[in-house]
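Subject: Handing over the structure

Hi,

Here is the structure I promised to pass on to you. Could you open it alongside this email while you read my notes?

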Amino acid sequence: MSTPLNTEYPPKADLRNVSRPLPKVPPGTVNPASMDSSVIMMCAKSAVDVFNTALSSNDVDKLSACFYEQTYWRDIAALTSHLRTIYSSRVVASALLQTIILRGLEGKFELANDPSFAVMGPFMVLSTWVEDLIQYPENKQLLSLPGKDLSGDEVVTTDVLVIGAGASGLMTAAQVKSYGIESVVLDRNTNIGDNWAKRYDSLKFHVPTSNCEIPYIILIVSRRTMLQNIYSNTPKTSINVITSATIHTTVFNVTEKLWTVNIGIAGGKKAKTTRSKHIVQATGLGSGKPHLPSMKDEDLYKGLRLHSADYGNTQQLKERRVKTVAIVGSANTAFDVMRDCWEADLSMTMILPLEAADRLLNTFPSMLDGQFSHALFAHLASLEPERYRAFSEAGFPVLDSRDPSVNVLHRLFEHGGGHYIDVGGTELIAEGKVNVRGMVVPIEYTETGLPLSDNNFLEADAIVWCTGFTDKNVKETAKDLLGEAEELSGREDLLGREEISARLDASWGVDIEGEVRGVWKRHLQMENFWVIGGTLEHQRGLSRPMVQQIKLALKGILPPAYRHMPSEV
Ligand SMILES: Cc1cc2nc3c(=O)[nH]c(=O)nc-3n(C[C@H](O)[C@H](O)[C@H](O)COP(=O)(O)OP(=O)(O)OC[C@H]3O[C@@H](n4cnc5c(N)ncnc54)[C@H](O)[C@@H]3O)c2cc1C
């Protein structure tokens, strides 16, 4: 597939528009209560038998009859060697038969466990993934082997260079090690964990604790436990980490398939060069480059002006004699800062330039996940129609989950945030204890505050911009990350920073299949470069297939990604 380098690939889609309506199942069709376990087993076995017979017949008509018309096949780097969601019975059947032939697969589908629930009839979702590599299985005992002493080496040769020692990078390095692959992790910070240590004190995770578990490492719920657990456990897995590192230049040799990265190390230490077969970029997706809207006359303002990335706690504000605070933003961080200010008896006003979703909620196609989460939130909202009334009347622009255009997964994939998971704080607004100015934007600075788009003025001693981060497109961030542009002396076998970043897929947002773009999978035009990030849940679920593919690539047996979409006929 050839796509010009200056074309955004893959094209961006809107999850709400690419999702197809769910089929309606007549009430009473499914009654698990009426089935005993032997019937369940019989139904499941018979459905799998029909499926196997259709597969072995190599007949698209027979196989498509095993699926509902509205079938989704989500493949996580198993048959497609890519992340794909393929839709509709005939297309799924054709793609399945094609990939089975392409991969030379033999054998049958079997029931792995006793099913707890089964219904005769067509399948609606097929999810395929690789549990483990039979030839090269994961070995967690490798994690306890000592790391390398890199201190004296000026040239470090390794299989994989991971850039970024955050949760994604460390998780990837641990997973890589458990597959017997060597890696070195680089981070610009002085200490592992500084990315969290430097965030504001009250930061907590706004997702269920089960979403925060990290393979090989631990459970995180707050910034403090994140620091205590993950990072103090990292030495136990003996991951090779070089801290205080700045990348000077990056070059990929297309013929040798070799990355050469020149690194400066702060603190008077000798520079190093790494040579690796793969690079994994794990520098954060939308967590590194603060988004600070540029406005007129910022030097006029005499108060304290900071982005949430530079906010620590209210002590910082009190030392500057701050009594009134303007918090710009409506998502999780804004609520954390709001609560801090409330507990410190500071008077505050929240400016809500964005719409705000009311709540949030991954081996499922996101087209279905989006609809199910929408249906769940719509249902919850219908049970408590009054829950956010006072909050809304106080000026907070609440989105109603019953509205079909409100889809929290869409927001997450589109904006990488911008929502608030209600873990408390909304009552302060509903009770009028915190002022809000909804659906307005600050226009410029004055000496004492912010004129707003509704012609009002907000006076404040401090302004905390909880306006998120901009680094969501790897195409852009890679340019900064990979160091200076390198003089390549016209050699066509070498790619430098500009050529590499131009070849990367665009990232974040979804493609026409509802798959997140450019992350956790291969890029169309840049080999041996991987990107990992997203929420902890994404990192946890998708670092493993990514590492399995790296293992296969290192062994020279990773097949090309199946990017084809069979036609309906
Ligand atoms: C305020 C806030 C709250 C969040 N809350 C949640 C939540 O509740 N649940 C959830 O799942 N996710 C949450 N996230 C998303 C969160 O960013 C991820 O879950 C997780 O921290 C991302 O891990 P990461 O390793 O991909 O990126 P990061 O944690 O950002 O780590 C990236 C690492 O790369 C390093 N790095 C960056 N650039 C370079 C460079 N040029 N050279 C060398 N090293 C570099 C950084 O120093 C850092 O150590 C939150 C993010 C923020 C900012």
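To start with a definition: two strands pair if DSSP finds at least two bridges between them. Helices (H or I, at least four residues) and strands (E, at least two) are DSSP runs, numbered from the N terminus. Please keep in mind that this is a predicted model, where local features need pLDDT of at least 70 and side-chain atom pairs count only at pLDDT 80 or more, while totals for chains, interfaces and linings use all residues. Residues are numbered from 1 along each chain as its sequence is written, and side-chain values use heavy atoms, with hydrogens and water left out.

Strand 7 and its partners

Strand 7 (residues 245–253) and strand 8 (residues 258–265) are antiparallel partners, joined over eight bridges. Within that pairing, Val251 stands opposite Thr260. The hairpin of the two strands has four residues between them, and there Lys257 takes a positive phi near 55 degrees. Strand 7 also pairs with strand 17 (residues 494–495), again in the antiparallel sense, over two bridges; here Asn253 has Leu494 as its bridge partner. Seven of the nine residues of strand 7 are buried, so this strand is largely enclosed by the rest of the structure. Buried means under 20% relative accessible area, exposed over 50% and partly exposed in between, with a 1.4 Å probe and protein chains only.

Three strands form an open sheet of mixed pairing, in the order 2-1-3. Its edge strands are strand 2 (83–87) and strand 3 (123–129), each pairing on one side only. From one strand to the next, the twist averages 10 degrees. Strand 1 (residues 67–76) runs parallel to strand 3, with six bridges in their pairing, and Tyr72 has Val125 in strand 3 as its bridge partner. Helix 4 (residues 89–102) lies across strand 1, strand 2 and strand 3, at about 40 degrees to strand 1. For such angles, axes are lines fitted to C-alpha atoms (for helices over the stretch in contact, meaning heavy atoms within 4.5 Å), and angles run from 0 to 180 degrees between N-to-C directions.

Aromatic pairs

Rings of Phe, Tyr and Trp (its six-membered ring) pair if their centres lie within 6.5 Å; planes under 30 degrees apart count as stacked, over 60 as edge-to-face and the rest as tilted. By this rule there are twelve aromatic pairs. In one of them, Tyr72 and Tyr87 have ring centres 4.9 Å apart and planes at 55 degrees, so the pair is tilted. Tyr72 belongs to strand 1 and Tyr87 to strand 2, so the pair ties together parts that are 15 residues apart in sequence. Both tyrosines are buried. Trp508 and Trp520 make an edge-to-face pair, 6.1 Å centre to centre with 75 degrees between the planes, and both of these residues are buried too. Phe51, Phe67, Phe109 and Phe123 form one aromatic cluster.

Around the ligand

Which residues come nearest to the ligand? Of the 27 residues around the ligand (one heavy atom within 4 Å), they are Ser168, Asp187, Asn195, Ser287 and Leu536. An oxygen atom of the ligand is 2.5 Å from an N or O atom in the Ser168 side chain, and for the side chain of Asn195 the corresponding distance is 2.7 Å. Leu536 has a polar backbone atom 2.9 Å from an oxygen atom of the ligand.

Best wishes

Key: A polar contact is a pair of N or O atoms within 3.5 Å; within protein, one must be able to donate a hydrogen and the other to accept it, and residues adjacent in sequence count only if both atoms are side-chain atoms.
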